[in-house]
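Please look over the sequence and the model below. The paragraphs after them go through a few local features in turn.

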Amino acid sequence: MAIEQIKMPQLGESVTEGTISKWLVSVGDKVNKYDPLAEVMTDKVNAEVPSSFTGVIKELIAEEGETYEVGQVILTIETEGGGETAQDAPAETKAEDKTTAAPSASAPSAPAAPVKAADAPKGVRYSPAVLRLSQEHGIDLNQVTGTGGGGRITRKDLMKIIESGDIPTAAAAAAAPEKTEAPAPEAASKQAAPAPNVPVMPGDIEIPVTGVRKAIAANMLRSKHEAPHAWTMMEVDVTNLVEYRNSIKGEFKQKEGFNITFFAFFVKAVAQALKVFPQINSMWAGDKIIQKKDINISIAVATDDALFVPVIKAADEKTIKGIGREINDLALKVRTGKLTSAEMQGGTFTVNNTGSFGSVQSMGIINYPQAAILQVESIVKRPVVMNNGMIAVRDMVNLCMSLDHRVLDGLVCGRFLQRVKEILENTSKENTSIY
């Protein structure tokens, strides 16, 4: 017999932690390799954690509603065979795992010394359960000692405080004369504002916040708090593009089996412009900016209650037809629940088709940690003054771009949009091939 560990997996690029939203197994359950063990929620995707072994569930170390860092042990499995147990592992392996591995039944160890929440490692965030309890009971998390991995505050820590009746509040901390040290900026910024007290009147409907909606909210809030958003807009005459697409859409659908949309042309134009202005294809990394080599376009696909952002990989190397097929396939996967976490990873720039529901002007929130997002608005017919002074009815579209001002400045973004505009305004049957 051997005791094997299952750790929190990395479910996406730049993902450093995940929240156990639901256990799918119990202690004593027999599982096979690749069987799902738990549902995990991150700021990018919801996914199931598969078993790496066949055996019997020995211990569920992680708790539902709690957040754990990538690599932290969440459960143990008893397997048959000669696999290493924790005490048989090489010394260097133990040294690497000692900050994240929880004690198991087969290898008892002394609990780690508790650490103040303000002293927790950079990047630690409070779990939804901890935030909810702290807000409900007025607990100042900066005064709480965490007993979780790396000093993380757990739900058990707060329940113990609540049961004791000795609630550490922000008001009490301010009144204490000996309290002179301010909490670390990272810890203070992670504490969410208390939820508003909204009265529920007869006829009102209370809708529970789903895991997906919580993940969307957390990522959008992080993006707005951390990235200084700037915004710019440019209008584009796409009359020739509209005529070209309308002239081929019937034949294309009959030949290829799916519709060729305007959005495919826009995504292709953006991918081409990113090759000319690679600065736009960048990410903020604290002490440096990472300019990405691959051009992977994230596209926003909405369902009735959630928003997913699948990725078109190497979009600059694909034809308009190829991009159109991927848009069609990815959207179908989202709406049928078949989109995988791998298909949402690696995006470097986001294009959002806000025009699909009639919007003509909007300011998008950047898809963190990317540096910019482009909103493609609705194509509308408008009277336009032409170069010869005559007025003509033209098909016009607004391109609205939000940018992270830490990474990008208005000049390069303006030139980038000018290049996108130039490509789109020169798209026609004579100049452009969709194959």
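Threonine 432 counts as buried because its relative accessibility is 18%, buried meaning under 20% relative accessible area, exposed over 50% and partly exposed in between, with a 1.4 Å probe and protein chains only. This threonine lies in the segment after helix 10. Beyond its neighbours within four places in sequence, threonine 432 is in contact with Tyr244, Ile320, Asn426 and Thr427, where contact means heavy atoms within 4.5 Å.

This is a predicted model, in which local features need pLDDT of at least 70 and side-chain atom pairs count only at pLDDT 80 or more, while totals for chains, interfaces and linings use all residues. Residues are numbered from 1 along each chain as its sequence is written, and side-chain values use heavy atoms, leaving out hydrogens and water.

Helix 10 (residues 410-425) also meets helix 8 (residues 262-276): their axes come within 9 Å and cross at roughly 135°. Helix 8 is therefore oblique to helix 10, since angles under 35 degrees count as roughly parallel, over 145 as roughly antiparallel, 65 to 115 as roughly perpendicular and the rest as oblique. Helices here are DSSP runs (H or I, at least four residues), numbered from the N terminus.

On the helix 8 side, the contact is made by Phe265, Phe266, Ala269, Val270, Gln272, Ala273, Leu274 and Val276. Helix 10 contributes Phe416, Arg419, Val420, Ile423 and Leu424.

Helix 8 is mostly covered, with 11 of its 15 residues buried. Among them are Phe263, Val267, Lys268 and Ala271.

Definitions and conventions. Axes are lines fitted to C-alpha atoms, for helices over the stretch in contact, and angles run from 0 to 180 degrees between N-to-C directions. Helices (H or I, at least four residues) and strands (E, at least two) are DSSP runs, numbered from the N terminus.
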